[in-house]
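Thanks for coming. I will take a few minutes to go through one model, starting with contacts and then moving to domains and strands.

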Amino acid sequence: MNNPNSAFHDRAAVALRDRTLRTALDRATLRFQELRASAFADFADADAARDRARLIRAHTLSRLDTYLEQFATNVERAGGRIHFASDAAALNRIVIAIARAHQAQSVVKGKSMLSEEVELNHALEAQGIRVLETDLGEYIAQLADERPSHIVAPIFHKTREQVAALLHEKIGMPLTDDVAEMTAAARRVLRSEFLNADLGISGVNFGVAATGSICLVENEGNGRLTTTAPRVHIALMGIERLVPTLDDLAAMLQVLARSATGQKLAVYTNIITGPRQTFEADGPDELHVILLDNGRSKTLGSAVAEILYCIRCGACLNACPVYREIGGHAYGSVYSGPVGAVLTPALNGIAAWSELPQASTLCGACRQVCPVRIDIPRLLVMERDAAARAGEMSRGWRWGLRGYAFMATRPALFRLAVWSARLGSRWLSRFNHGWIKKAPPPLNAWTATRDLPAFASQSFRAQWRAHQARSGATSEARK
Amino acid sequence: MNDERERMMRQIRAALPDAHLPAARATIPAREIARQGDRATMISSFQREVDALGGNCAVATNEADAIALLLQSLRDANANQVLTWDDADLPLRRVGQTLQENGYTRIFARVSRDATKRKTELAALERADAGITGALAGLADSGALALVTQPTQARLVSLLPPMHIALLAASRLYPTMAAFFASHPDVTRRGSNLVFIAGPSRTADIEMTLTRGVHGPKFLCVIILEWL
């Protein structure tokens, strides 16, 4: 289901022509940005809270081995079972083995990016096990046989008419344009699925090393039902998702929901420590926590380890001018937007994903909103570098950059090039007030879609010299 | 499986010396946490937050007052069957008696370990119209309730019915989640499930339109027992 490289530009072009998608993108991303901004405007210690959240993530990863051992021990102490999966296939094998041991026929699933990453639904369905997504957006995406297009809002790209038609066709809901009615119809269908499911599968937002707890954050209550109604609960967790203590968890929760949806806290923050205890009235009898590597330890040892600080709030998606134009599907991977452009090649190798780090203007909007202040532009540059080193660069680019390097390291040549570019650009823009409408190849790749400004009449170096001479004269005069 | 664990741990240990982790420090410095707040301020803040979340928060100054609010909520929910915790686990001892006197059917959540029995029991519990719980704590800054599972304090009571009514002793208000954790360092050992509930269940998945009651309760009513 992952769609690397070659098709990235095609997918982006398709997205750019999709008017419905672009209207939805504008509405959703702007709304999320407003919600986030107002949540942070009311949050007195926002800067300190973000610094602390960053510090907690950085510290935890720097001792990941210790915290993982501690977490695993404490999960087991609380009566849970811990599994290690080094890749997608290993994780799917573990889930299937648990499902078989319980003769499970139906599975309800809470939202989990990680299960998308390992394509768990396909693996289970291949075994004849029915899997139902229960987050409303993910449920609708599943009915439409699509992949979620946003970390927080999986189907924001669909209009209410499209959703109504889908629910009408798939679950027999009478046609309506009332969102509350659609939600109620989905609730009815999913409620009986929850109560009859053999297995509940959830993601994990944070694991707490000191207590062996897993924390699951959600608004709908599907997470609570998934982890309460079925006899067996399986929690899927990336190895990097740890915090040391409950206090650290509280610090992370302070920034997570504000960044994601502008809420102070999500409606439900579940903190689950082991399966139900002997005398508890309800809850699952078994809890399995599966820790997945799948490229994370490799990423930890790489130049882009900082991307593992990510807490999946989706704020960088909403802030990104590229994401806001093309949406999540164009990226072709489970993780989209700025974080996806770093994480996808980091986890899966740059070879197939070298286009993604290019899908950015490096404007820095993502870094500005990131609750843990990940320097995403720097990481994008590191991934571009990795792509170049791996030879994932077209011949034109490679020779072009070599030519540039040759010229830029020879001052006389550089001055000559700037001088001729200035003359040339002024010539090309002579009828258009300093704007070039049409340039010869290879610059026509730019001018095909937008104008190119001509060089200034004086180079920066010349302006700088003039400026220095003037200020030198003034300071002389003061003496 | 243990091989897999060892292999993964080895890989992580091998990666760590090369890991470029900006801002990493050897320890996370301790922070000052204000454990207590002024009670009246916390009550009004909590009330404001719950209302903003689309819930309903009322303050009862005595037991009769609280019972009246409880009955009002049940009438609002058009309730017939009421799922509750045991009386001993509720801060108001007269809940059972009140329900009985007013003709409500009271049911308790007990779920078997046997797979088939479990499904039948769940189907029966699903018919409840309202759920009444206590709460371990309330967080004044966010309007969240903290509930932790205990032998008879089932999680389904605050989850299955369309209305959740929570009885919260005012003395259990904390300014923040950090203050709550600081006062309950062993809370995760008390029960397997701790949940913070901030308002009624909601979604905005379809066209960013806010809708309540998608999977959990559509209505949340918190009654603060001011004298406790």
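Two residues are in contact if their C-beta atoms, placed from the backbone, lie within 7 Å. This is a predicted model: local features need pLDDT of at least 70, side-chain atom pairs count only at pLDDT 80 or more, and totals for chains, interfaces and linings use all residues. Residues are numbered from 1 along each chain as its sequence is written, while chains are lettered from A and ligands numbered from 1 in the order in which they are written.

Take Ala146(B). Leaving aside neighbours within four places in sequence, Ala146(B) is in contact with Ala135(B), Leu136(B), Ala137(B), Phe180(B), Leu194(B) and Phe196(B).

Ala146(B) also belongs to the largest nonpolar core, which has 211 residues; Ala146(B), Met252(A) and Ile223(B) are those with the most contacts inside it. A nonpolar core here is a set of buried Ala, Val, Leu, Ile, Met, Phe, Trp, Tyr and Cys residues joined through C-beta atoms within 7 Å. Buried means that 20 or more other C-beta atoms lie within 10 Å of the residue's own. Helix 12 of chain A, residues 246-261, gives this core its largest share, ten residues. Helices (H or I, at least four residues) and strands (E, at least two) are DSSP runs, numbered from the N terminus.

Now the domains, whose bounds come from an automatic or database domain assignment. Chain A is divided into domain 1 (1-42 + 308-393), domain 2 (45-294) and domain 3 (405-478). How many residues of domain 1 of chain A are in contact with domain 2 of chain A? There are 27, and they meet 30 residues of domain 2 of chain A. On the domain 1 side, helix 2 of chain A supplies the largest share, nine residues.

That brings us to a helix pair. The axes of helix 2 and helix 12 of chain A come within 6 Å and cross at roughly 145 degrees; axes are lines fitted to C-alpha atoms, for helices over the stretch in contact, with angles from 0 to 180 degrees between N-to-C directions. Helix 2 of chain A contributes Leu35(A), Arg36(A), Ala39(A) and Phe40(A), and helix 12 of chain A contributes Arg258(A), Ser259(A) and Thr261(A).

Last, the sheet. Six strands of chain A form an open sheet in the order 1-10-7-4-2-3, with parallel pairing; two strands pair if DSSP finds at least two bridges between them. Its edge strands are strand 1 (81-85) and strand 3 (130-133) of chain A.

Terms used. A residue is buried if 20 or more other C-beta atoms lie within 10 Å of its own, exposed if 12 or fewer, and partly exposed in between; C-beta atoms are placed from the backbone.
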